Amino acid sequence: MQTLDNLSIGAELYVESCGLYAIDGEKPDSRMLKAIEEVCGCSAAHHLSTRASASVYDNNDLIIAMHDKQAYEIVNAYPDIADRVFSLSSYAASKGLVFKDETGRVVSISIPDPKGENYETYLHTTRALKAWLEILFAYIIKDLGAERY
């Protein structure tokens with residue numbers, strides 16, 4: 001099994017994960033670890049949670065929150081970084097990827113927080129995140145200054 005540390009993508013990226021209400025140093029839920037292994041074929045067992053903070057934001061060129069509300073909270077607390085903060089939906093929309101419901105109304109991307117839910121919800125969340133990252137990865141690389149992808 002591969003780990004997140006030894007995946008080769010042909011570019012050097014540094015990624016941090018944090019949560020607005022996370023408690024520093026917690027291990028991922030065992031259901032999330034199992035879902036990541038099943039969906040991605042890698043282990044995240046070494047990961048520990050990090051609470052979002054000004055230093056985390058200062059050290060990153062692009063900040064993508066899971067939901068619109070989270071992005072709003074970050075921008076509200078740190079307005080000077082507003083140009084680097086997006087929700088998953090707003091980042092996709094900034095690239096022309098707009099989603100509409102059956103009535104034609106623009107809708108946000110909604111990925112459930114699986115905390116406290118069953119294993120199927122953890123699988124759904126992992127699959128959804130993987131799919132969105134695969135769709136948005138080329139845009140992210142370009143925004144971070146890569147000449148080619």
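Mentor: Let's begin with a bend: helix 5 has a kink of about 50°, centred on L136. Keep in mind that this is a predicted model.

Trainee: How do you know that the length of helix 5 agrees with its number of residues?

Mentor: Helix 5 covers residues 119–143, which is 25 residues. At 1.5 Å a residue the span should be 36 Å, and the end C-alpha atoms are 34 Å apart, so the two values agree.

Trainee: What makes N118 a cap for helix 5?

Mentor: A side-chain oxygen of N118 lies 3.2 Å from the backbone nitrogen of E120, at the N-terminal end of the helix. The cut-off for a polar contact is 3.5 Å, so a distance of 3.2 Å passes. Just after helix 5, G145 takes a positive phi of about 100°.

Trainee: Which other residues of helix 5 are buried?

Mentor: Among them are Y119, Y122, L123, A128, W132, L136 and I140. The buried residues of this helix pack against helix 1 (30–40), strand 3 (63–65), helix 4 (88–94) and strand 5 (99–100).

Trainee: You mentioned I111 as a partner of T125. How do you know whether I111 is buried or exposed?

Mentor: Use the cut-off again: I111 has a relative accessible area of 2%, which is under 20%, so I111 is buried. I111 lies in the loop between strand 6 (106–107) and helix 5. Leaving aside residues up to four places away in sequence, I111 touches M66, H67, L88, T125, A128, L129 and W132. As for K69, 42 residues from I111 along the chain, the two C-alpha atoms are separated by 13 Å.

Trainee: How do you know that the structure holds zero disulfides?

Mentor: A disulfide needs two cysteine sulfur atoms within 2.5 Å. For C18, the nearest cysteine sulfur is that of C40, 19 Å away, and C18 is in no disulfide. For C40, the nearest is that of C42, 5.0 Å away, and C40 is in no disulfide either. The count for the structure is zero.

Trainee: Why is C18 called partly exposed?

Mentor: Partly exposed covers values between the 20% limit for buried and the 50% limit for exposed. C18 has 33% relative accessibility, so it falls in that range.

Trainee: What makes the radius of gyration of the chain agree with that of a compact globule?

Mentor: A compact globule of 149 residues would have a radius of gyration near 15 Å, and the chain has 16 Å, so the values agree. The C-alpha atoms fill a box of roughly 40 × 35 × 35 Å along the principal axes. Buried residues make up 28% of the chain.

Trainee: How many helices and strands does the chain have?

Mentor: There are five helices and six strands. From the N terminus on, they run β-α-β-α-β-α-β-α-β-β-α. Among contacts with a separation of 6 or more, residues 24 or more positions apart account for 58%.

Key
Residues numbered from 1 in each chain as written. Predicted model: local features only at pLDDT ≥ 70, side-chain atom pairs only at ≥ 80, totals over all residues. Heavy atoms only, no water. Helix = DSSP H or I, 4+ residues; strand = E, 2+ residues; numbered from the N terminus. Expected span 1.5 Å × (residues − 1). Bend = angle between axes of the 7 residues up to and from the residue. Buried < 20%, exposed > 50% of the residue type's maximum accessible area, 1.4 Å probe, protein only. Contact = heavy atoms within 4.5 Å. Polar contact = N/O pair within 3.5 Å; in protein donor to acceptor, adjacent residues only side chain to side chain. Rg over C-alpha atoms; globule rule 2.2 N^0.38 Å.
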